[in-house]
Amino acid sequence: MRNIITFGTFDVFHVGHLNILRRAKSLGDRLIVGVSSDALNFRKKNRYPIYVEQDRLSIIQGIRYVDDVFLEESLELKASYIKKYAADVLVMGDDWQGKFDSLSSLVNVVYLQRTPSVSTTSVIEVIKSV
């Protein structure tokens, strides 16, 4: 069995999120997704997500490509999460290109191209302007 792991905030779920989850799942048998906690998101982006962590966990768990979800508490714990879930492949969007190469001794690191013209930030900006 080949375990795939990926991470994200998955706030204001959109087609880009669905595309990366579908493509990640195609790389193995089991897709495990770490959803950033509200506190982690605040530390990364200096704002809280629109949807609280429990709702985001529920949304991701409901996606047919996803086999397991967990709450990601810290970026520094990625190696621990990889080991805990016996991941063979780490998938990240190409906006993170090179940032997780240091984990390549533990896991095959794959950066997938983001869906063009869609991001949570852009969706939020469109909503704010309406």
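Student: What should I know before I start?

Tutor: This is a predicted model, where local features need pLDDT of at least 70, side-chain atom pairs count only at pLDDT 80 or more, and totals for chains, interfaces and linings use all residues. Residues are numbered from 1 along each chain as its sequence is written, and side-chain values use heavy atoms, with hydrogens and water left out.

Student: How many helices and strands does the chain have?

Tutor: Helices (H or I, at least four residues) and strands (E, at least two) are DSSP runs, numbered from the N terminus. Here there are five helices and five strands. Along the sequence they follow β-α-β-α-α-β-α-β-β-α.

Student: How do I read burial?

Tutor: Buried means under 20% relative accessible area, exposed means over 50%, and partly exposed lies in between (1.4 Å probe, protein chains only). In this chain of 130 residues, 46% count as buried.

Student: Is strand β4 mostly covered or open?

Tutor: Mostly covered. β4 spans residues 89-93, and five of its five residues are buried. V89, V91 and G93 point one way, while L90 and M92 point the other way.

Student: Which strands pair with β4?

Tutor: Two strands pair if DSSP finds at least two bridges between them. β1 (residues 3-8) pairs with β4 in the parallel sense, over three bridges. There, I4 stands opposite V89. β5 (residues 108-112) also pairs with β4 in the parallel sense, over five bridges. On that side, M92 has Y111 as its bridge partner.

Student: What is a nonpolar core?

Tutor: It is a set of buried Ala, Val, Leu, Ile, Met, Phe, Trp, Tyr and Cys residues joined through side-chain atoms within 4.5 Å. The largest one here has 17 residues, and L21, L31, V33, I60, V66 and V91 touch the most other members. At least two residues of this core come from each of α1 (15-25), β2 (30-36), α3 (53-61) and β4. A second, separate core has 15 residues, including I32, Y81, L103 and V109.

Student: What does V33 touch?

Tutor: Contact means heavy atoms within 4.5 Å. Leave aside neighbours within four places in sequence, and V33 is in contact with T6, F10, L21, I60, V66, D68, V69 and F70.

Student: Is E72 buried or exposed?

Tutor: E72 counts as buried because its relative accessibility is 1%. This residue lies in strand β3 (residues 68-72). Its side chain makes a polar contact with the side chain of S36, at 3.3 Å. A polar contact is a pair of N or O atoms within 3.5 Å; within protein, one must be able to donate a hydrogen and the other to accept it, and residues adjacent in sequence count only if both atoms are side-chain atoms.

Student: How many aromatic pairs are there?

Tutor: Rings of Phe, Tyr and Trp (its six-membered ring) pair if their centres lie within 6.5 Å; planes under 30 degrees apart count as stacked, over 60 as edge-to-face and the rest as tilted. The whole structure has six such pairs. In one of them, the ring centres of F70 and Y81 are 4.8 Å apart and the planes lie at 45°, so the pair is tilted. F70 sits in β3 and Y81 in helix α4 (residues 78-84), so the pair ties together parts 11 residues apart in sequence. F70 is buried at 7%, and Y81 is buried at 9%.
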